Amino acid sequence: MIKEVGRLNLPKCTSCRKNCQAKPTCLFGLGEAQWLSSPSHLEWENIEQKLEKQIEAEKRKEGELVGLKNLGATCYVNTYLQLWYHNVSFRNALYNLEYKDEDLALQQTLCGQLQLIFGLLESSISKSVDPSHFIKCLGLATDLQQDAQEFSKLFLSLLENTPSLSQVIKEQFCGQYTYVTVCKSCQSVTERPSNFYELDLNIQGHKDLKSCILEFLREEKLVGENQYYCTKCQSKQDALRKIALKKLPETLNLQLLRFVYDRSSQRRQKIVANLTFPDHLDLSSMVDKNVTTLSQSDTQYKLTAVLIHRGLSASSGHFVAHILEPESGNWYKFNDEVVAKMKSGKKLDLDSYKGEDSVCTELLQEPAPKKMKLLKGNHSSKDVYMLVYTKVSDENLAMVPVPATVQQLVDKHNAVEATRLKGIRKEAEEKQLKDVELRKHMIRFIHLLHSEENFGHQWLPTKVLKQFMNSAKSDAVFKPEVNYLCQHGNLKVDKAVTLKYIPKSAADIIQSTYPLFKPIPDSMLCHTCVKNHCLLIQAKKRLKKDNLFVSESLKTLQNGSTEVEADLFYVGKQSLKRWRSLAMQDVLKKYASTSNNNTIADSTDSKSNATGNNESSDESDETFNSDLLCNHNHLTIEKSAFQLVPQYLWEILRHYFPDCVEFKYASADPCPTCQSDVLSHEKELATRKEIAAIQKANLHQLFLNKNRPSLAFLYDVEFSKLQANQTEFFIVPSQFVDDWKDFVRHPDKNEPVVSVINKDFLCPHNMLLYDPALNLKSTESTVNECEQQCELLWCSEWRYIKENFSVDHEIQISKTFPSECFVVLQNMEHTNLNGNASTNETEIIDLTSSDQSPSVIIKSDAENQSTETNVENNCNIPKPVARLVYSPGLCATCMKGLEQKRFEEMCKYDDGEIYVLKSTQPSHEFCSSSTKNFETLPKETRRGKRVRRCVRGEKKLSNLSSNLTLKELKIRIMNQFSIPPFDQNLWLNGQKLTNDDWTLESLKIIPGCTLNLVEDIPAPDSALIVYESVKTTEPETGFQGTGLLGYH
């Protein structure tokens, strides 16, 4: 029986494609097929061919050009390095540089690294060169794509500081144009020259290069606000201004402004439009003969390079260069590591991107445009962003050889590369030998695995055997996760299906591979565990049968199909729902020594859930019928907690739970203590309802929140002549009112409110810590987010609360009416505001606060109308002063400290938002007006609870931290308003923010505040004051922290 349970008596498998998981003697389908298959992939001929192809793919052939490896997002650097390398004059000048300490210079200086890159591009034995040291020298991020045009400008500006390269850069790239301004009044002509290293051409709305250049040189009218200040007329006059080419460089760089800033989307976008450009560029028709002395030959250029940006986004994509190789006269395509000669040879061919164009067309979901018909010698592209033209010349420059020091480094690099290629071959040979030995080893193991030896067997987990078959690594580590032995030291019954019964010699080989794993000895299944396992199966079958019978019987009783027996028993409803799960737990405890409790419990829970049992894990320790007991261990009085079942069902349940409590319907009585508690609770509830009704009747207006004294009422109190000149109000916490209302509405669910606690409004000096008038709950806005809010009570309400509730501190607000005002009113009783006598008495006086204009309202009983006159208009009537009196008074010291503390807390935030309002007025006018407005602001400004909306010209900045510096804030503002940080003037409450290193916390910039932004706009004629040749544009923030902005 033991072998039958372990399935060792089954016949041994001879061949199985898929392993029989529940059969320990099946040793096929474990991964042996890969070792028994044909070993063609290990043949030396095949490996030799693959190896030769790999080595040849990395070697540079004679006559081939060398590429540059892309380090992640450095393709824009690679295109310019190839462009500058193929400029023979620039390369010769770079090779002629000399250093005192050449080894150090070549390793640490920018020019030295550039020399090494050029040397490798000329003499390397590899097809591609790694520019890592050059990129590291500049401090560029390899995973961030930058603006290619900006990189070119900054790099050339950096090289111009090198004396030996300065002259060649000016000769090769520097040109000059003149701003020609003609005054329409006196016809005087003013010329202002300016150097350029490249021409930035607008391509939007243009189809060919010629129209772009003409727009750059077009005449501009200076009228209106842009009038020209004529020094001869000594006044602003209408004028005409144009740009005239004066001197042209040897290499003309034309930067096409394909990337523009879109104000609607607040980001840079790419203009995807075709632009036609020629092989030969003639600028003779675009040169003004009155300004320049350029000859015909100086205006003739030929195309030598085309730089392409592939992609739909301005912040991503790929850069490729097409360059005319000067020595052979052939066009090459430089795509990082891959350098390919154009099929047409000496003609530029941009049709090699047809496949990429189709991909972009699919992304745009637009039909592909028809191919343009171009004239001979013209090209068209929608991705070109830079064109390079070189003056036509018959002279061929002699190429300077690579400097000796650079050549030594190149030779070392080539030697290392050759050694690496040899190492690849050696590693392949060693790997082939290891693979052959491993194969032989695995074949011997498979033969041992299927041998019929009589030296003993051992049990081995199936997953260990599969892992060994598929990896067979000697350094592999395996840690057994499951204990396969029972408490008697024999094999567990339920683990036999996860093991394999293999010869001991094969098990020893696996143990040598996995030293930490110990095979299970040849022990049979435990006799005791097998017996208990069989009993467990029988108990589960009976439990399933009884559960089905109980369920059907309960359904029958609910439908009333059978007569109810006289003997009935109480059973808890929850226990009845989960009785099968509780019974299964008892069965598992009894036979826990042989079974996987987790597996059986999972199957039990799934069956229990199918019958509607949703019990939690906390109820797993409860006993059957425990839900029938109350807290006093008697039968519960809750009728919804139990159900009556007949005796035959109770006998079945009692079989599984012999120790459960038993309550017979005829003899069991509910718990008397619980019944007494219910009666007491009902009496207490009736008392609560009575108290709630009385309090609601006495404080009816407070409950309904009607006719309440508010903040406006405090400043608009009505006084009659017969009343005293003081009205009193009282303060209670809003929490007290809310709790009291909850009690009145639902006295059965809430406890009665017995006390009013006002101590939170007081400081340690027993004076008011907050101004109650500003912390009323009924107000629409609050000065500060206080810990406590309060409500005003009438005197009658306060008297009732003081009599029926416990009050710790009384807080009173009194509105006083000075006696001087009554003198004025008595003089006005017999004279109206027009000077006529009147017999009507003054009945209502409306007084506002002292910082506003008080008004006197005269109301007639006969006419029932009022006339309002501002007291300030009558200089003979003194201004009445009204005020609020608090008892206890306000503590100025504590209030000031609290406000300071709260303001400091408001200055510390991690996710705040502020508003920036752009102003068009000059800085000096804004300073005075802002200061004036700031002085008239109240000391404490209320903030609305509703979400604020931006006004016109205002934008919101979100996700701000108080640790942000003013400089970083200006960068965020630049992204919103497109104003450079150095042109931003920020004002807060009339004060100009100047220190860029200060944080928002130190500048007292709190969330929700508004900063005023004034842009510095230079005067139109300011360029005439100082002459300065323009070398490069101002750098963007993209290259901050790199060598391009701080390298020497």
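The secondary structure of the protein, taken from a predicted model, comprises 30 helices and 39 strands. Of its 1048 residues, 41% count as buried, and the accessible surface comes to about 59,500 Å², of which 50% belongs to carbon and sulfur atoms. When contacts between residues at least 6 apart in sequence are considered, 75% of them join residues that are at least 24 apart.

Among the helices, α4, which spans residues 75-85, has 11 of its 11 residues buried, and it is therefore largely enclosed by the rest of the structure. The buried residues of α4 are Cys75, Tyr76, Val77, Asn78, Thr79, Tyr80, Leu81, Gln82, Leu83, Trp84 and Tyr85.

The packing of helix α5 (residues 88-95) against helix α10 (residues 163-173) was examined next. In general, two packed helices are described by the angle between their axes and the distance between the axes. For α5 and α10, the angle is about 180° and the axes lie 10 Å apart; because angles over 145 degrees count as roughly antiparallel, α5 is described as roughly antiparallel to α10. On the side of α5, the contact is made by Ser89, Phe90, Ala93 and Leu94, which meet Leu165, Val168, Ile169, Gln172 and Phe173 in α10. Sorted by class, the residues of this contact between α5 and α10 are 7 nonpolar and 2 polar, with no charged residues.

In helix α15, which covers residues 504-513, the buried residues include Ala506, Ala507, Ile509, Ile510 and Thr513. These residues cover an arc of only 155° around the axis, which means that they lie on the same side of α15. An α-helix has 3.6 residues a turn, so residues three or four places apart point the same way. The elements that cover the buried residues of α15 include the helices α13 (404-449) and α14 (462-470), together with the strands β21 (457-461) and β22 (499-503).

The C-alpha atom of Lys18 is separated by 7.0 Å from that of Phe28, although the two residues are 10 residues apart along the chain.

Methods. Residues numbered from 1 in each chain as written. Predicted model: local features only at pLDDT ≥ 70, side-chain atom pairs only at ≥ 80, totals over all residues. Heavy atoms only, no water. Helix = DSSP H or I, 4+ residues; strand = E, 2+ residues; numbered from the N terminus. Buried < 20%, exposed > 50% of the residue type's maximum accessible area, 1.4 Å probe, protein only. Contact = heavy atoms within 4.5 Å. Areas by Shrake-Rupley, 256 points an atom, 1.4 Å probe, with all protein chains shown as cover. Axes fitted to C-alpha atoms, helices over the stretch in contact; angles between N-to-C directions. Parallel < 35°, antiparallel > 145°, perpendicular 65-115°, else oblique. Nonpolar A, V, L, I, M, F, W, Y, C, P; charged D, E, K, R; others polar. Arc of directions from axis to C-beta.
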